[in-house]
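Take a look at the structure below. Then read on for a short tour.

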Amino acid sequence: MSTLTKKDSNSSIITDSDYILEVNDLKKHFPVKAGILQRNVGSVKAVDGLSFKVKKGETIGIVGESGCGKSTAGRTLIRLYEPTAGDIFFKGRNISKMSESELRRTVRKDIQMVFQDPYASLNPRKTLKSILLEPMKTHNMYKGKEREDKLDELLDRVGFNPLFINRYPHEFSGGQRQRIGIARALTLNPDLIIADEAVSALDVSIQAQIINLMKDLQEEMGLTYVFISHDLSVVRHISDRVGVMYLGKIMEFAPKKDIYEEPLHPYTQALLSAVPTPRKKGAAPRERIILKGDLPSPANPPAGCVFHTRCPAATAMCSEKVPEFREVKKDHFVACHLY
Amino acid sequence: MSQVNPEISQKELELNPNLMEKPDTLTKIFIRKFMKNKLAVVGAIFLLAIVLISILAPIISPHPYDQQNLLAKLQPPSADYWLGTDRYGRDIFTRLIYGGRVSLLVAFGSVLGAIVIGITVGALAGYFGGIVDAVLMRFVDVIISIPSIFLLITIVTIFGSSLQNLIIVFALTSWTGTARLVRGEFLSLRSREFVLASKTVGTKSYKIIFTHILPNAMGPIIVAATLLVGGVILSEAALSYLGLGIQPPTASWGNMLQDAQNYTVMLTAPWYPFFPGFLILLTVLSVNFIGDGLRDALDPKTLE
């Protein structure tokens with residue numbers, strides 16, 4: 001990470017061509033305003049120093065409890081929100097400070113998002129066709145017959161009969177709508193898709209369908225996913241590497257196997273202990289780590305390690321010094337004084 | 001709401017050909033839904049009739065609208081004077097249909113103006129937020145805090161009360177409610193996921209506003225507009241009552257009503273105030289019914 005921090009923000013070439021996305025100390029603070037003069041009285045530190053790299057073709061899972069800043073992180077990555085600080089390198093280009101017109105020219109079509117709520121993510125007044133055509137028109141892609149072919153191909157990819165292209169979103173169920181959302185994200189042949197709780201609004205059986213569809217599409221089209229979810233088992237199913245977020249920071253980042261089998265950070269351990277797992281008859285129940293207290297307010301996060309107020313292993317040092325986010329094993333990053 | 005299964009195969013389609021039927025367009029659904037609302041349909045027919053009669057006034061009217069006949073003043077309805085005559089012996093029916101031209105023109109013209117201003121200001125404030133929002137909304141607050149009747153009187157006194165002036169004045173004093181409403185709708189719609197999706201695709205702001213946000217905000221705007229139409233007809237009547245509206249001999253429903261506001265007239269010729277008053281009531285009512293019908297018909301979420 002240290003080599004990254006030194007890099008000039010304007011440089012457009014990076015040596016690590018394996019990485020499609022590099023996030024470097026990304027912060028998003030929302031100002032809190034009060035009074036008739038709308039003075040700034042503080043800020044909500046929704047995302048407070050996020051660093052990770054995403055390899056081409058892999059799936060990164062981001063997990064964390066409600067309010068930890070996962071969705072804000074996703075929306076900041078795709079520049080729906082203006083980052084407060086930090087850099088986002090996409091295919092070697094720093095997109096964190098680009099203007100909207102520059103983004104439109106360069107990376108908008110390469111990064112797409114799949115949204116959480118399939119009922120809110122499609123304009124109720126648009127037909128499937130005009131929903132899917134909008135991205136093509138914006139970027140002037142495909143002409144005439146090619147457009148029709150592309151539409152057929154997209155619908156086919158998500159398992160829709162092209163006959164339904166003139167229907168309105170309200171004629172479809174939640175899972176079907178989510179597939180329309182995925183088709184829309186695929187319209188521009190993106191490289192990276194950020195899926196923000198893409199399946200959490202769906203029934204479990206439909207969740208599996210969508211996840212498998214996403215996996216198939218990844219294989220066919222070489223997509224890279226950043227998959228944001230609060231559901232540990234869904235993330236385990238789809239991800240290659242997993243980042244655990246708490247109060248706007250990444251606590252632990254490691255390959256899926258490491259996270260789920262040998263979690264190092266006490267927070268990850270507590271999270272995983274809350275997942276119900278089947279066990280053999282007579283086997284001892286797994287120990288459940290119960291965290292005390294609530295998630296502290298991101299407007300006023302604890303000093304030192306943000307987790308120390310609820311950490312079962314906290315020491316005096318934890319409340320004073322912010323733990324460094326470092327690689328303790330190969331590919332296994334943890335922000336904790338224990339390691 | 002019938003949901004379709006989009007995964008069906010070609011074979012199933014051949015077996016069940018009515019699945020191949022083209023789905024109805026939004027316009028068709030809209031018309032069908034509107035037709036289901038009987039009150040709105042009646043309102044629409046009534047308003048259409050009034051508009052048509054007003055347009056055709058010179059052809060239909062049995063008398064010239066400003067022809068006085070002092071020998072036949074305050075006559076009750078008869079074969080010659082269908083709705084009776086006024087204080088100067090003018091035919092009330094004739095004056096009503098001529099008055100409709102003026103009153104409806106003032107009402108629809110100024111509401112159109114008010115809606116355009118209101119949408120523009122509200123959309124800018126709601127979509128861009130921040131300092132733009134603060135400045136525009138404080139401006140709206142200032143306009144609202146000026147009692148509009150005094151503003152109307154002042155402007156009309158200075159610039160005169162011609163038809164255009166009245167339309168401009170009503171438009172300039174009645175857009176604030178719409179602006180607030182539109183701002184609220186935009187505030188909530190701009191953070192909806194389909195708008196965010198549009199942003200991530202790179203769609204330009206003006207396109208997002210016109211294709212995604214505005215069509216979804218149209219329901220409440222139309223209702224507000226219909227309420228405004230009623231309000232403007234009544235305001236015009238109020239201004240006329242103060243002698244500042246449309247000046248006689250040109251007829252408007254407002255100045256006819258004002259002309260009838262006289263103790264002896266009301267007692268001896270009750271049909272004189274009744275007809276313009278009743279026409280105002282029916283018009284405002286049907287406009288409101290139409291507004292209700294439009295709102296329901298435009299909302300894709302309401303069931304058929």
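## The model

Keep one point in mind from the start: this is a predicted model.

## The sheet in chain A

Start with chain A. Its open sheet is built from 8 strands. Follow them across in this order: β6-β7-β8-β3-β9-β10-β12-β11. The pairing is mixed. Which strands sit at the edges? They are β6 (111-114) and β11 (325-329) of chain A, and each of these pairs on one side only. From one strand to the next, the twist averages 20°.

Now zoom in on one pair. Strand β10 of chain A covers residues 249-255, and strand β12 of chain A covers residues 332-335. The two pair in the antiparallel sense, over 2 bridges. What stands opposite Phe253(A) in β12(A)? The answer is another phenylalanine, Phe333(A).

## A helix across the strands

Next, find helix α2 of chain A, residues 70-77. Helix α2 lies across β3 (59-63), β7 (192-196), β8 (224-229) and β9 (241-246) of chain A. Its direction is at about 150° to β8(A).

## Where the chains touch

Chain A and chain B are in contact. Chain B gives 26 residues to this contact, and chain A gives 34 residues.

Look at the side of chain B that touches chain A. Which elements give two or more residues there? They are α10 (193-201) and α11 (205-241) of chain B. The largest share, 8 residues, comes from α10(B). By residue type, this side of chain B has 13 nonpolar, 7 polar and 6 charged residues.

Note on methods:
Residues are numbered from 1 along each chain as its sequence is written. Chains are lettered from A and ligands numbered from 1 in the order in which they are written. This is a predicted model: local features need pLDDT of at least 70, side-chain atom pairs count only at pLDDT 80 or more; totals for chains, interfaces and linings use all residues. Two strands pair if DSSP finds at least two bridges between them. Helices (H or I, at least four residues) and strands (E, at least two) are DSSP runs, numbered from the N terminus. Axes are lines fitted to C-alpha atoms, for helices over the stretch in contact, and angles run from 0 to 180 degrees between N-to-C directions. Two residues are in contact if their C-beta atoms, placed from the backbone, lie within 7 Å. Ala, Val, Leu, Ile, Met, Phe, Trp, Tyr, Cys and Pro count as nonpolar, Asp, Glu, Lys and Arg as charged, and the others, Gly among them, as polar.
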